[in-house]
Amino acid sequence: MKTTTFKVWQGNSDGGELKTYEVEVDQGYVVLDAIHRIQAEQANDLAVRWNCKAGKCGSCSAEVNGSPKLMCMTRIDELPADKPITVEPMRTFPVVKDLVTDVSWNYEVKASIKRFSPKTADHEDGSWDMDQYDVERPQEFRKCIECFLCQDVCHVLRDHQLHDRFAGPRHYVYVANMEMNPIDTGDRVAELREELGIGYCNITKCCTKVCPEGITITDNAIIPLKERVVDQSYDPLARLIKLVKGSGD
Amino acid sequence: MPSKVTALPVRRTFGETMRTDAWWLQPVVVFVVFTSFVIYSTWAAFQGNNYYSGNLLSPFYSPLIWGDPEAHSFTGTLEPGWWPSFLPVFSPAFVILWAPVSFRLTCYYYRGAYYKAYWPGPSSCSVGTPREAYMGERNFPLILQNAHRYTLPFALLLLVFLSHDAWKALWFQTESGSEKLGLSLGTIVLTANVVLLSGYTFGCHSLRHLIGGGIDKLAGRPVQRAAYECVSWCNGRHMIWAWCSLIWVSFTDIYVRLCAMGIWADWRIL
């Protein structure tokens with residue numbers, strides 16, 4: 001057991017402050033364990049959202065020492081021991097209370113995106129033939145646990161607050177999952193350029209760095225989608241080739 | 001369609017962050033290395049001399065279209081007839097360097113890196129940006145970044161010329177005037193330059209898209225699939241290739257320049 005200093009943000013949408021707590025931490029403690037200890041022993045009204053404690057539900061997203069992280073996957077012994085550990089709510093979304101933010105905007109954006117629309121089934125039982133190789137590429141995007149850490153770190157939402165013009169990395173991963181699926185017939189490229197504002201992304205790769213599932217968001221989802229937007233909107237040669245060949249794969 | 005979100009936390013000011021690590025280190029290193037490269041390559045391009053030594057040709061001057069006839073320039077003349085007389089200097093590098101410069105300037109990796117180091121928007125992840133207004137790559141001039149794929153053929157073509165230069169660096173003049181296969185440190189330097197530039201160019205995101213990323217079904221297309229996997233392998237290490245090739249191409253020019261100036265003699269190994 002050793003004592004570690006925590007500075008935990010507490011407040012609501014009107015404002016708040018960092019409050020200091022001295023916490024006894026056991027070996028192998030993660031930040032969420034310490035927050036629970038604070039909640040149990042020192043601040044019973046401390047609000048924190050959590051569920052699985054296994055890095056799979058995406059509920060306990062917060063900013064630990066200024067970096068977006070899942071509290072349940074951030075070991076205390078991996079953080080600098082000589083400084084207090086700060087824990088704040090995500091800055092890209094409105095605060096409900098303390099470490100809990102209102103992430104409902106993400107669900108609204110997701111609901112507005114053109115749905116998955118599969119081609120006619122290959123077999124009478126309603127199934128399709130798909131090669132494993134073609135399945136694997138979009139499969140990476142299905143690992144997303146919707147923790148919204150990528151949305152939190154993205155400066156377009158975080159600093160410029162362009163929520164009404166930019167969908168954010170999580171939704172580009174969602175679109176990539178459908179766009180790269182060989183049985184999907186939907187075309188979301190124009191939507192990406194206009195409503196979903198992919199052109200605002202300037203490829204800082206911060207989303208990739210914070211993804212707890214290790215999804216290569218920028219290189220495998222956003223840039224390939226940007227290239228598809230270039231095909232359709234900015235490359236006259238690609239448009240000409242598509243016109244001559246037709247739009248099929 | 002996204003909707004506006006209200007009651008967001010107050011945006012942080014430039015450089016403001018709760019991060020406790022050395023977040024500033026990476027943009028500073030990028031700034032120093034990239035600025036040093038720009039200064040050196042501009043200086044080297046304006047020199048217009050000491051770009052070849054024996055069988056070695058500087059990559060900044062390859063292909064040598066106009067240039068010293070002794071260095072076997074394609075045209076055999078020092079400068080093009082159409083070069084405007086009001087421009088005081090002509091250097092063979094002027095007609096070449098626009099290709100790799102435009103390729104790197106619009107490169108997806110470099111864009112992210114130099115936006116952070118020079119713009120800075122933002123300097124590093126979860127660090128406050130200096131300005132509230134932001135247009136991204138939707139408007140002029142940054143919308144031109146979408147032309148990256150059009151710079152790719154020129155970058156690929158340069159690899160052919162640089163490979164030829166590396167091949168020529170294997171052949172040494174004998175006293176009788178004939179050429180003999182050999183190996184020098186310069187040969188290795190030029191060959192390594194081609195390898196690093198190839199790793200960078202073949203990992204290009206646009207190439208990855210054009211070679212197979214743009215379609216959803218690669219099964220049943222073994223050649224295209226293999227090409228896509230090769231490009232994806234290089235693409236996964238694009239940052240490493242980008243920096244190694246940038247530094248090495250400068251080093252190659254320095255090596256050839258020192259040999260040409262007589263400060264350093266190319267070390268013959270075989």
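Predicted model: local features only at pLDDT ≥ 70, side-chain atom pairs only at ≥ 80, totals over all residues.
**View 1. Helix H2 of chain B, and what sits over its buried side.** This helix covers residues 98-105 of chain B. Which of its residues are buried? They are Pro100(B), Phe103(B) and Arg104(B). If you look down the axis of H2(B), these buried residues fall within an arc of 90°, so they line one face of the helix.

**View 2. Two cis peptide bonds in one loop of chain B.** Stay in chain B and find the loop between H3 and H4, where Pro120(B) lies. The peptide bond leading from Trp119(B) into Pro120(B) is cis, and its omega is near -20°. Now look at Pro122(B), which lies in the loop between H3 and H4 as well. The bond from Gly121(B) to Pro122(B) is also cis, with omega near -10°.

View 3. Helix H8 takes in residues 238-261 of chain B, 24 residues in total. How far does H8(B) reach from its first C-alpha to its last? The answer is 34 Å, close to the 34 Å expected at 1.5 Å a residue.

View 4. In chain A, Gln161(A) has a phi of about 50°. You'll find Gln161(A) in the loop between helix H5 (155-158) and helix H6 (169-179) of chain A. Over in chain B, the phi of His72(B) is near 60°. His72(B) belongs to the loop between strand E2 (56-57) and H2 of chain B. Is Gln161(A) buried or exposed? Gln161(A) is buried, because 20 other C-beta atoms lie within 10 Å. His72(B) has 12 other C-beta atoms within 10 Å, so this residue counts as exposed.

View 5. As background, nonpolar side chains in soluble globular proteins tend to be buried together. The largest nonpolar core here has 105 residues, and those that touch the most other members are Val31(A), Met71(A), Val87(A), Cys150(A), Tyr172(A), Val173(A) and Leu225(A). H8(B) gives the largest share of this core, 9 residues. Domain 1 (2-101) and domain 2 (104-245) of chain A both supply residues too, so the core lies between them. Zoom in on Met71(A): leaving out residues up to four places away in sequence, Met71(A) touches Val30(A), Val31(A), Leu32(A), Ile35(A), Cys60(A), Ala62(A) and Val64(A). There's also a second, separate core of 7 residues, with Phe202(B), Ile211(B), Leu218(B) and Tyr228(B) among them.

**View 6. Where chain B meets chain A.** How many residues does each chain bring to the contact? Chain A brings 55 residues and chain B brings 43 residues. On chain B's side, the elements that give two or more residues are H3, helix H6 (205-213) and helix H7 (222-235). H3(B) provides the largest share of that side, 5 residues. Sorted by type, the chain B residues that touch chain A come out as 15 nonpolar, 16 polar and 12 charged.

Key
Residues numbered from 1 in each chain as written. Chains lettered and ligands numbered in written order. Helix = DSSP H or I, 4+ residues; strand = E, 2+ residues; numbered from the N terminus. Arc of directions from axis to C-beta. Expected span 1.5 Å × (residues − 1). Core = buried A, V, L, I, M, F, W, Y, C linked by C-beta atoms within 7 Å. Domains from an automatic or database assignment. Contact = placed C-beta atoms within 7 Å. Nonpolar A, V, L, I, M, F, W, Y, C, P; charged D, E, K, R; others polar.
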